[in-house]
Every structure is written in structure tokens, then in C-alpha cells.
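Work through the exercises below with the structure in view. Try each task before reading its solution.

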Amino acid sequence: MFRLGLRTFIEGWPVYRQLTGTDPLGRGAAAQSARSAGLTARTETADSMARSVCPYCAVGCGQRVFVSDGQVTQIEGDPDSPISRGRLCPKGSASKSLVTSPLRQTKVRYRRPYSTEWEDLELDVALDMIADRVLAARDETWEDVDDAGRPLNRTLGISSLGGATLDNEENYLIKKLFTAMGALQIENQARI
Amino acid sequence: MAEAHPVGFQWVMEAKKRGAKVFHVDPRFTRTSALADTYLPIRAGTDIALLGGVVRYILDNELDFREYVLAYTNAATIVSEQFADTEDLDGLFSGYNPETGSYDQTSWQYEGHGNHTRARGTGKERETAAGLEHESHGAPVAAETHRDETLRHPRCVYQILKRHFARYTPEMVERVCGIPQEKFLELARAWTENSGRERTGVLVYSVGWTQHSVGVQYIRTGAIIQTLLGNIGRPGGGILALRGHASIQGSTDIPTLFNLLPGYLPMPHHAEHPTFARWVDSIRHPGQKGFWGNSRAFAVSLLKAYWGDAATPENDFCYGYLPRMTGDHGTYQQVLNMIDGHVKGYFLLGQNPAVGSAHGKAQRLGMANLDWLVVRDLFMIESATFWKNSPEIATGEIVPEECRTEVFFLPAASHVEKEGTFTQTQRLLQWREKALDPPGDCRSELWFFYHLGRVLREKLAASTKPRDRALLDLAWDYPTHGEYAEPSAEAVLKEINGYEVATGRPLGGFAEAKDDGSTAIGCWIYSGVYADGVNQAARRKPGHEQSWVAPEWGWAWPANRRTLYNRASADPQGRPWSERKKYVWWDAEKGEWTGYDVPDFEKTKPPTFRPADDASGPEALAGDDPFVMQGDGKAWLYAPRGVLDGPLPTHYEPAESPMRNPMYGQQANPTRKVYDHPVNRMNPSPPEEHSDVFPYVFTVSRLTEHHTAGGMSRTVRPLAELQPEMFVEVSPELAAQVGLAHLGWAHLVSGRAVIEARVLVTDRLTPLRVDGRVIHQLWLPYHFGTEGLVTGDSANDLFGITLDPNVLIQESKVGTCDVRPGRRPTGPALLDLVAEYQRRAGMTADRRVPIVTTDAAGGDAAGNTDERSAEAARDGGGDA
């Protein structure tokens, strides 16, 4: 018992491990404490992992998004990506804070004309009100033809400006729907 | 690059480790400069002078890659004798019309082409940003050209180039840019020594080049250098645009832009494209050489994707449903129209123009004059709260109780709460898997627009109005899933890829597109992303398990090609230029092109192939024409059409500059898009008087720790803590001159706004000796606004609105200002200060900024631009 205890004691000594083990510089396994040896990374115990892409600049670094109990618990670089090789910059590394920020809005907010405050609004009511306003603006500003009788088929009463963090599939539906409703003034950060 | 694209910069460091020499050109010393071999400070807005100097250095010393230049470029092509250069006309090209502020390009044509091309001005192209259509292909020209392979003909492109750039001497570079001659020569030597058969050099740029009133020509100058040196279509070469947003490339490919339909098809113009046939012919140009000849199939397939069964050959595939452009409908014109009360409703989708667009006040005043505004974002951004928390509340210009705009804020799903593709900066589509459902009312744009369309169609179901047919006939039956009825992004991607209408079979690529309505393709350049029914963008074979080209990671358009025009990596006979720079080559035994990448060429067309005289489309391309989307199969050193401000780049001063142009009488881009509007007064520049009221040059860029308008970073605690405050960087010399104290306050004044910032005195900025005087430059981050965890004044408020004529991008990388110590005034006193500066600078309401500042070419004398009325601009001048 005693001999075994002594051996455990010596092997628990970082310098011994550094000299005899695979970590001669003493920066990895040799320096590990009993406490850190007992820890488990939350990436290992996550319920699921999604392979994603950083939402900031256009380098397109690979991200791994770890979820436990319905919450994002970690976002880290994807070492498989030939673009980023697992690295993330300060912004990419802060992506978990981005998606879990307490400042994120999760409720629809509504400001009446001339009001000084926000109000609550149900999402389906908001969608319906927006649809009514689109149709009204379109009717009020519709142009069938130009002065020479050539077709115009449009409204210049509606504008849109999109960010460039929208997905291709989203941009596709946005352009398709606006085009079909005759809304021409559809723009994007890509102009800017 | 190290600051704004740090992870991409690892590859520059890899190259440096292997012996590459890294040069960094920037008005401000940054983390990139610290890691470069040589840093060149430059006066903001003078890059064409620097790059033009490199072009001259190459030509004067005959350092071009002659075999490449002769075989693959238009250097030998002879240009019309009617062409007159900026050398002859003091900074203007032939064909300038001072009344419309635009060029008639007829005299720029290749010899013998003038009679085939309808003489026309380019005002209309400017209004509709038609240059953007050329993102995937060159402007049309006839395939047959007169050439002088000896390059001695005085009107061959090579000789024209030589004359045009003759005055871009090292002395002139120093005089214009403030770069010492020896530093310039170090750059020119390194660039040329590291290009050619055995070596390639790469050029990397970002919005420091594009956000200028002559931005497209910056890139053109870079392209001329890279083409002369044989650095296009070859490994380690190219011109790399570092784009700043996750899918900004995707946002132009599948555009939410007023002038484009998916795949760079033009939105129809009421006068140019009255019929389907005219529209299609304007894209494909019958008889035209190159791959664009198939565009009828792409156009028909798009209309089939939009209108499904309703689109038939008999009704021109519902072409009549498309709305028509009549002029400039861009975001800045829209904002001025909002101020003038012409716009009812506005959608902002993950975009924050109150902070991110030029002239923040104009943006906010526009929003305050709408019937309704819909903001969809992750966070409560400045563009959602302008009615209660904006600089104009403090000045009394916006009063909440008097502001009628009804605002809907709808929370959005984050990038991990939805699935879909981003297209990153190298045209690579990468699919994101969804990690979890969005919280509360948060939804994707896919959800919002699918369901908005569904509700609109339900409300109109009984309508008999012709205008509603386009909505009711729309193919809008996407499968949905889950508790929120989320539409399937994969189904949308499949439509983008295209499919056979009869069977639903996904297409393998755009070569399968048909013009009879039997295929539907949402975006032809993306065709192949869902080949074999497999989501190719979701491929994630680890980088270390495949070649360095990594073709099985994601999917690049077109056809999963990683380097465009890679046929140019082989010599005319199809052999690699060198073993070291081998990439794509002709395998004579197998009779096909092969290599590390997907060849950008018809697979079995041999290098020796010569087309028949009457061939058109792809069949008209010879086996040694690598630039397959160009009308003559050649890279264009000289652009006979398609670039609205000239066939060659020319140094013009920024729209706001403290200096008279040292190179030409013409001060600024004579074709830039200007908006004479009471809200948009531009600071005077020489030769106008009073430019000394705004004696300093300012520029803006990003911090590593923040993102664009701050909506995704000032709201995030770790990032807000790292960069908590708005600041301005000034040189010790300027600080001493103006009396600014390190960590004290300063305020900056332009003709539009006053903003304040904490002062950082640093030698990262250096005064430049330019044309016999000292120019001081200031630098600001543009991320700050009034919302979020950390707040500050917005740098973009200082800018006015002036746009590049080709793509209508704003000049927001350079302007003039004054700087004063201390904090800015508040309330009405702030408006008084701006008014005082406007008065001193002569910026009266009836002043018109002079556009033409030389009397050469019969152009009007300075100041006489009365003909440039708003009506003329809106109609595209007298071009119709």
C-alpha cells in the first residue's frame, strides 16, 4: 500500500512527468493537475454539434456549434476547414456571446405613429398588418405603364435594404417575392 | 487584412514563410503593416496614381510577361482612330458630354467596330449601375479584331497604354500619393521580379479600394498590372477581393439589388427591353463569342423558376410580369426620395443604415418620413430607434410626437438557428447546419418572406386585377416543417440549382439549361450546387484529407471551379507555363483538359482548335482563348466598352479633396453620380474656392473587434469590452498643430455633421508631403452609434453622397473635414456650427458642384453644369 502510495505521489509530481513522459516542455500533460484531469470539456458532453460557418466577415471560417439542454454552450473553430484550419478571430470566437447575448430581442415590438414608446404585438398579427400595409402602399403607388404606354408593372412606394449576412436561399425568396409584387427598390449591403 | 480578416491572413503569413515579400499600402499603419516586409503610407484616394506608376514601370522596362500578354490579352488589338486619350484632353476621354456628365463610347471601340455598334451615351448605364452585370462576363464586342502582333502599331492597346500611363512617373507618384520614390520603386521591382513563368504575385484589396467615386477603376488598374504580369488564372496569382460580410458575394450573385436578377441577368429597363426578345438579345448579343451566348436558356429557366406552370413559350414565360427600371432606383436615391415623401414603406433586413451608410442624417431623416418601417434584426439597432434615440432628437430635427413612421421590429433568427448557405469571398458556398430552434418570436428571413408571400396571396386570392397576376401565378409552394412551419432551405437551394420541369431531376450544371421551358433554374451560375440531388455545399471532407485545392469542401460557382480563367495557367499549346506553377493543362493522350482544379474551358476542345468564321457563342472560342466570358476571349487591358468612366483608369481626386489634381485639369471623376439635394451639400474642392475650410483628409475602417455598423458587436459583451469607445487617430504633428491632447476629446466637422471622439495621438498616422505641401490624415472606426453596450458618434455621418458611376457604390473611404479640440456642441448649437461652416465654405442651397474643370475637349468651363438637372439625370440624360 505504502509503496503504491509513494509511487502515485512521485508520479503526481509534475517534474517527474515532465522528465519521463511525452511532454518535455512541461506545457501539456505533465503540468495537468488532479483537478483539471477530472474536468470534462463541455464539447464532449454536448447533446449535439452542428457544423456551421462564422457569420461575420466573408473569409467563411468553419464553426462547430455545441448544444446542451436546448442552449448553445460553445462555438469553436472547425479544424477540418481547409479555409480556417480551426482558427477563429476575436469576433468569430465571440459568436457564442452573439447568439446568447441577453440583449437579443426575442419579442415583436411595435411603435405606433407619433408614439414615444414601444408596445407588444403578436407575431401573426404583425405579419398580417405588414401584409396589409404592403398591399396598400402598392395600390397607392402602382404604375402600370410609362408616358409612352410601355409597361412598368411596378411600385416605387416600397423600399428594402438587406444585410449581407442573409443566406442565399433567403435572398432568393426576397427577390422572387418582391419582384412578383412589383417592388423594384430592393437593395443590399452589396451595393454599399 | 490582419485587422479585418485575421484568419484569412494566416495564408499571407504562410506565403511569407515560404519567401513571399509582403507589401502593405494603407493611409494608416495597422497590424497588417506590422507583419508586412514593407509598409507604404498613402494619401487616401490616390491608389490609381500609385498603380498607374507600376503599369508605367512595367511598360517602360518591358517587364510584361510577353507571351502571355500577346496570346491572352487585347494588347495587340487596334483601337479606332477616333479615340482620344486623357493625355490629349487634360483628363477627359473622347466622347464626353458635359450636359449629361457621361460618355458616348463610340470612339473607344476597336478599329472596324465603330460602325457595328450603335452610337450611344452611357447615362442610362450609370443610372442602372449596369457595370454590375459584368461581374460574370465582359461587355459585348465583336469577336473579329484587327491586331498587330509586333505591338508597334501606334493605335494598338499596348502603345495606347504606354502613352496613357507615361506621366505616372515615380516623381508623379510621390507628388500625388506622398509615397517616396525609393519606396515606390521597391514595390514595383518586387512585384515584377515575382511574376512571370516561374513565379506569380497576388493582389488583395477590400473596400478601401471600392468605396470611391472612381472605385471600379481602382480594381481595373490592379487588373491591368496582373494581366501584364501574367498573374491571372494562375496559382498564387489573381486579384482577391476580401469581402466584409459572410455572404456579400452571395448577395450579388443572388442579388437583392434593384438592377439585377439572379446570375447577373439585368432587371428589364422600360425603354431598352420592351419585349422578351429585346431583353434576351441585350444579354446574349446574337453572334457574340463566348459562353454568355447561351443566356436565352438562363433567362427562360429563371422565369420558369419564378412562375412555374404559368410561364409558357406563348406568353414569353411571363416576361411581362417583371417590373421595369426607368433610371436610378438605388439605395441612396431611395433615401432622398424618402426625405421628399415619395416612399411609403421600408424593410430593413439585418441592415443598419443609420450607422452603416454614408450620410447618416439623410438615412435617419428618410426613415422619419415613412408611413411604415419593418426592421428585422437580432438586436435593437439605431435604425429601429431613430424616432426616440438619434442625434436628430437632440437637435430637434426629429420629434417623436411629430414623427408619423409606424415601426415594426421583428426579431430574427441567428446563424445557428437556421440552415442555409453563405457564399464566402472566394465564391465558395458553404452550407450551415441548424443547431437549434430560434427563441421566442425570432424567425429566419426564409420564414418571414415565405409566410409574407403566403398571406399576400391569400389576401389577393379573389383579385381580378392584372397587377396581381404575378403574385398569384408565382411558384410559391415550398415544403415547411416543424412547429413554426419553417420553409425548407434545401428545397429553395434545389430550385436555385435548377431542375428538369417534367421529372424534377436536379440539373448537373448550367450546360443543361434549355430555352424551351423544360428546365427551371433560380440562379444559373449556381447550377451544380445540387447536382445528383446532393447538397454539394454541405460537403466537408477535411482539408488534410484532400489536395491543397480542397475541391470537396463546399462548392464554388461556377461548376466548382476554384480559380477562374485557369486555362491561362497553361501556355497557348496547353502546357503548364512552368513545373512550379502547374495548375490546369491539356492531356494530349486523353484528349482533354486536366489538372488540380476543374478546368475553366470546354473539356475536350484542344489548344489547336480554331473556330469557323461564322461561329458564335462558345463554338467561336479558339483553343487558346482562356477568357471564355469575354466577347473576344481575351483579358482586357483596355476596355472598349462597359466601363463608364473610361477605357483606361485615370487618377482623379476624390469628390472632396483639399488638393487640385496634380495630373490633369479635370479634378474629379467627370462621370461620378452626384445628387443635388438640399440635405446633400458637398464640401468644396479645388478649383472651387474655400476648400481650406475643410483642410484635413479623413478615412474610416474597421477594428478587429467590431463588425460594420456594430449591430453584431457593440451588443456582444466581450467585443464591447475590447473596444469600448469611439476614437479618432491623429499624428503627433497634427495634434500639436490643432491642440489635441492624447485621450482628450476632439470634434470633427464636415458640411453635413459634427461628431466627437476621444483622441488617440499615434504615429500610426503620418503627415504626407504631397505636391509641395503637407497633408494631414485622420482615421476613425465607423462602428459606433447610439444603441448597444457601448455607444459613440457615427463616423459615416460626416460623409456626403457621391457615387461611382459603374456600380453606384458611395465614396465613403475619403472625405474632407475640420478638426477642433474639445467636445462638440449639443442641441441646436450643433446645427449652428454646421451652418457656420457651410456659410464659410460657400455651400449655399443653390450652389452646384462643378463637374467639368477643364476646358479641353470643348467641355464647359468650371462650374457650368446647369444642364445637369435632376430630370436629365433621372432619364439617363439625352441617351434614350
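**Exercise 1. Find the residue opposite A:R64 in β3(A), then describe the sheet around it.**

Step 1. In this predicted model, A:R64 stands opposite A:E76 of β3(A). Strands here are DSSP runs of E with at least two residues, and helices are runs of H or I with at least four, both numbered from the N terminus.

Step 2. β2 (residues 62-68) of chain A and β3(A) run antiparallel and are joined by six bridges. Two strands pair if DSSP finds at least two bridges between them.

Step 3. The open sheet has three strands, ordered β1-β2-β3 in chain A, with antiparallel pairing. Its edge strands are β1 (48-53) and β3 (71-77) of chain A, each pairing on one side only. From one strand to the next, the twist averages 25 degrees.

Conventions: the model is predicted, so local features need pLDDT of at least 70 and side-chain atom pairs count only at pLDDT 80 or more, while totals for chains, interfaces and linings use all residues. Residues are numbered from 1 along each chain as its sequence is written, with chains lettered from A and ligands numbered from 1 in the order in which they are written.

**Exercise 2. Locate the domains of chain A.**

Step 1. Chain A divides into domain 1 (2-37), domain 2 (48-100) and domain 3 (109-191). These bounds come from an automatic or database domain assignment.

Step 2. Taken over C-alpha atoms, the centres of domain 1 and domain 3 of chain A are 66 Å apart.

**Exercise 3. How many residues of chain A are in contact with chain B?**

Step 1. Count 98 residues of chain A against 130 of chain B. Contact means C-beta atoms, placed from the backbone, within 7 Å.

Step 2. Chain A's side has 50 nonpolar, 25 polar and 23 charged residues. Nonpolar covers Ala, Val, Leu, Ile, Met, Phe, Trp, Tyr, Cys and Pro; charged covers Asp, Glu, Lys and Arg; the others, Gly among them, are polar.

Step 3. Strands also join the chains: five bridges link β7 (residues 151-162) of chain A to β9 (residues 345-349) of chain B, running parallel. A:S159 stands opposite B:Y346 there.

**Exercise 4. Describe how α6(A) packs on α20(B).**

Step 1. α6 (residues 123-141) of chain A and α20 (residues 445-459) of chain B pack at about 60 degrees, axes 10 Å apart. Axes are lines fitted to C-alpha atoms, for helices over the stretch in contact; angles run from 0 to 180 degrees between N-to-C directions.

Step 2. The two helices α6(A) and α20(B) are therefore oblique. Under 35 degrees counts as roughly parallel, over 145 as roughly antiparallel, 65 to 115 as roughly perpendicular and the rest as oblique.

Step 3. Among the residues that meet are A:L127 and A:D128 in α6(A), and B:H451 and B:K459 in α20(B). The contact divides into eight nonpolar, one polar and two charged residues.

Terms used: Contact = placed C-beta atoms within 7 Å.
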